[in-house]
Amino acid sequence: MSEHGALQDLVILDLTRVLAGPFCTMMLSDMGAQVIKIEVPGTGDDTRTYPPFRKNKDGKQESLYYANINRNKKSLTLNLKSEEGKDIFRRLVKKADIVTENYRPGVMDKLGLGYEELKKINPRLIYGSVSGFGNTGPYRLRPGYDILSQAMGGLMSITGAVGGPPTRAGSAMGDILGGLHLAIGLLTAVHARTLTGQGQRVDISLMDSVIAATENTAIKYLESGVIPPRMGNRYAAVSPYDAFQVKDGKIIIAAGNQRLYEKLCNDVLHRPDMIDDPRFTDMEGRLKNQDDIQAVIEDTLGELTMDEAVELILSKGIPAGPIYDVSQILDDPQVKAREMFIPMEHPTLGSITVNGCAVKLEDTKPSVRTPAPALGEHSEEILSSYLGLSPEEVAQLREKSVL
């Protein structure tokens, strides 16, 4: 395995805060990119005040939320409203490959630090922005949050119990999807730069990202004129593909094609008659009669535990699995084998656990190398190594509240 990070030659100036942007730069830093997190002096990223908290060695509360999303990064505090702060930022831009920000559109332009100005300084610069609604369109200046993207992108309208209210996904999926799309866009622009020699702007909208993730929901409406209803854990294209009650909880069965359905009927339910039953002979019929299928499955498997039911179904070659809570996820051998939770030592919090990287590379393996930084922890190091400032010059900047 290589000792190099896949993106170790990329320098990223990261102005993002909270989740969508920091999730993107977390992924890129896991892959080796040098991420300089630029934070507001005195306060920093909003998530430094988000729970869950743990008392540090000084007895003060620190955010584990922040620690999870901002590992592998370095923190530079910089007052971008001051002329000296802007000057330092512009000088850093000359050295950078990528700038990321998630301000409302127009904020960076008002500061004199928008893409049109920065590309004059560094034509190879890739400028990535992620906002609620993007940099174009009538909603561009609206504030954007995860729940708004889920609501206006259509995810809430198809999520929830049958007949129940629209429901937000349990995690901030709009922000995560926005972060993923930003990462893809930035890496695409990096490759394009090898072809053109020029940087470009990457413009990501949380609403767009959610719409893209609703896959064929709009297509179904355009074709039928029917607004797709909330279906609980069911899927509008496949049946049986749902959660089913067993003795001590619920399991998932995903019989995604005719062969799997017939194996389920023959080998698990011992109901070959359900293959030729006119209600269930094809997928269209099974989708219309899901309640009847569910009744048979739950009656047959109802006295089995989750482990027993899943083992039985898998032994017949049919996809199945338990519905885990987070304690079961943490203890699962597959999760451990894939290193999806990483224990690490934090200088003030002690032993903590952070999420692993879901991208697995065989050679240049992503890694969690350093803990999330204290506010402004690396200011002197960054200004010295990138701009050649002396400790005395850094101290003067602190006195002027530039840092």
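User: At roughly what angle do the axes of α7 and helix α8 cross?

Analyst: In this predicted model, the axes of α7 and helix α8 (residues 206–213) come within 8 Å of each other. Angles of 65 to 115 degrees count as roughly perpendicular, and α7 is therefore roughly perpendicular to α8. The crossing angle is roughly 95°.

User: Which residues in α8 meet α7, and what classes does the contact hold?

Analyst: On the α7 side, the residues are G174, D175, L177, G178 and H181, and they meet L206, S209, V210, A212 and A213 in α8. Sorted by class, the contact of α7 with α8 has five nonpolar, four polar and one charged residues.

User: How are α1 and α7 oriented to each other, and at what angle do they pack?

Analyst: Helix α1 (residues 20–30) and helix α7 (residues 173–196) have their axes 7 Å apart, and their crossing is right-handed. The packing angle is about 50°.

User: Which residues of α1 make the contact with α7, and how many residues of the contact are nonpolar?

Analyst: From α7, the contact draws on D175, I176, G179, L180, L182, A183, L186 and L187, while α1 supplies A20, G21, F23, C24, M27 and L28. By class there are two polar residues and one charged residue in this contact, and the nonpolar residues number 11.

User: What is the strand order of the open sheet of six strands, and which strands stand at its edges?

Analyst: The six strands pair in parallel, in the order β5-β2-β1-β6-β7-β8, and neighbouring strands are turned by 20° against each other on average, direction ignored. Two of the strands have a single partner each, so one side of each is left without a neighbour in the sheet. These edge strands are β5 and β8 (201–205).

User: In β6, which residue is the bridge partner of D14?

Analyst: Strand β1 (residues 11–14) and strand β6 (residues 98–101) pair in the parallel sense over three bridges. Within β6, the bridge partner of D14 is T100.

User: Which helix lies across β1, β2, β5 and β6, and which one lies across β7 and β8?

Analyst: The helix across β1, β2, β5 and β6 runs at about 150° to β1 and spans residues 83–95, which identifies helix α3. Across β7 (126–131) and β8, the helix runs at about 70° to β8, and this helix is α8.

User: In what order do the strands of the three-stranded open sheet lie, and which helix lies across them?

Analyst: This sheet has antiparallel pairing in the order β9-β10-β11, and its edge strands, β9 (241–246) and β11 (320–322), each pair on one side only. Neighbouring strands are turned by 25° against each other on average, direction ignored. The helix across β9, β10 and β11 covers residues 306–315 and runs at about 15° to β10, and its name is α14.

User: Which residue in β10 stands opposite D242?

Analyst: β9 and strand β10 (residues 249–254) pair in the antiparallel sense over six bridges. Opposite D242, the residue in β10 is I253.

User: Is N72 buried or exposed, and what is its relative accessible area?

Analyst: N72 sits in the loop between α2 (64–69) and β5 (73–77), and its phi is near 70°, a positive value in a residue other than glycine. Buried means under 20% relative accessible area, so N72 counts as buried, at a value of 7%.

User: What is the relative accessible area of E339?

Analyst: E339 is found in the loop between α16 (333–337) and β12 (341–346), and its phi, near 55°, is a positive value in a residue other than glycine. E339 is partly exposed, with a relative accessible area of 37%.

Notes. Residues are numbered from 1 along each chain as its sequence is written. This is a predicted model: local features need pLDDT of at least 70, side-chain atom pairs count only at pLDDT 80 or more; totals for chains, interfaces and linings use all residues. Side-chain values use heavy atoms; hydrogens and water are left out. Axes are lines fitted to C-alpha atoms, for helices over the stretch in contact, and angles run from 0 to 180 degrees between N-to-C directions. Helices (H or I, at least four residues) and strands (E, at least two) are DSSP runs, numbered from the N terminus. A crossing is left-handed if the near helix is turned anticlockwise from the far one by less than a right angle, and right-handed if clockwise. Contact means heavy atoms within 4.5 Å. Ala, Val, Leu, Ile, Met, Phe, Trp, Tyr, Cys and Pro count as nonpolar, Asp, Glu, Lys and Arg as charged, and the others, Gly among them, as polar. Two strands pair if DSSP finds at least two bridges between them. Buried means under 20% relative accessible area, exposed over 50%, partly exposed in between (1.4 Å probe, protein chains only). Angles under 35 degrees count as roughly parallel, over 145 as roughly antiparallel, 65 to 115 as roughly perpendicular and the rest as oblique.
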